[in-house]
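Me: I'm new to this one. Could you walk me through how to read it, a feature at a time?

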Amino acid sequence: MSDLHNVDFSVLDTPDLGKLEPRRLSTHPPRILLLYGSLRERSYSRFLTLEAERLLRHFGAETRAFDPRGLPLPDATASDHPKVQELRELSLWSEGQVWCSPERHGAMSAVMKAQIDWIPLSVGAVRPTQGRTLAVMQVSGGSQSFNAVNQMRVLGRWMRMVTIPNQSSVAKAFQEFDEAGRMKPSSYYDRVVDVMEELVKFTLLTRDRSDYLTDRYSERKEVAEKEARRLAAMAMNHEVKAAE
């Protein structure tokens, strides 16, 4: 006898180690989308993102870096705008993502936030970000700070992503890149290596298990209730027609 009086046992699923074994193991390279949050010609968030992309490719990942130039403000136009469609398609393509923003006024940049805002939590039955891994990074003009990465962690959770534990925050970014935009050797660079290595590991670990990891009791219950209402309505219609 159970004392879980409020549980619908018909849709309750007890977590099972066996169910974490994937039905198939993907053999293609991990697919990683990278977003950066600045349009400046000498953009340190873009430079850091490109360093991350080089590392990811070395680790065997397939990457796409989205160029935010030309992306309209959220709700300023319809979602069929070409840049919006490009971003959403890349999000669906990805198995993991990297978000890298400059810190401005103690927060992530508007360019970064606009990209995230254009990726909805769901489009019909499709969730463009759910179950995907996420690494967050930021650059600062002054001393080291974690405001932007902390904000992006909140957004990653809201977007139902698996945000990895490690992160990168590069202080006084103007000192950390050479004239060609390449990152200089430093403990900051070593941390970026750590983060990208960890992102690939988490992506390989979760990508074939994300459907099970994100399968929720509340959503199964909601679907079952909708189906019960649909069947009840069909039965009622059948009875009405039979009585006519």
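Reply: Let's start with a salt bridge, meaning a side-chain nitrogen of Lys or Arg within 4 Å of a carboxyl oxygen of Asp or Glu. Here Glu-222 and Lys-226 have side chains that meet in one, at 3.5 Å from N to O. One thing before we go on: this is a predicted model, where local features need pLDDT of at least 70 and side-chain atom pairs count only at pLDDT 80 or more, while totals for chains, interfaces and linings use all residues. Residues are numbered from 1 along each chain as its sequence is written, and side-chain values use heavy atoms, with hydrogens and water left out.

Me: Why are Glu-222 and Lys-226 separated by about one helical turn?

Reply: Because they sit four residues apart in helix α7 (residues 217-243). Helices here are DSSP runs of H or I with at least four residues, and strands are E runs of at least two, numbered from the N terminus.

Me: Which residues do salt bridges with shared partners join into one network?

Reply: Those are Arg-31, Glu-95 and Arg-207. The whole structure has 15 salt bridges.

Me: Where do Glu-86 and Lys-83 lie?

Reply: Both are in helix α2, three residues apart, which is about one turn of the helix. Glu-86 is partly exposed at 33%, whereas Lys-83 counts as buried at 16%.

Me: And pockets, how do I read those?

Reply: Rolling a probe the size of a water molecule over the atoms shows where empty space is left. A pocket is an open set of points on a 1 Å grid over the protein atoms alone, where a 1.4 Å probe fits, with protein on both sides within 12 Å along at least five of seven lines; lining residues have an atom within 4 Å of a point. Volume is the space filled by probe spheres set on the points. The largest pocket comes to about 500 Å³. It has 19 lining residues, and the closest to its centre are Gln-130, Arg-132, Ser-210, Asp-211 and Thr-214. Helices α2 (82-93) and α6 (210-213) each supply at least two residues of that lining.

Note on methods. Buried < 20%, exposed > 50% of the residue type's maximum accessible area, 1.4 Å probe, protein only.
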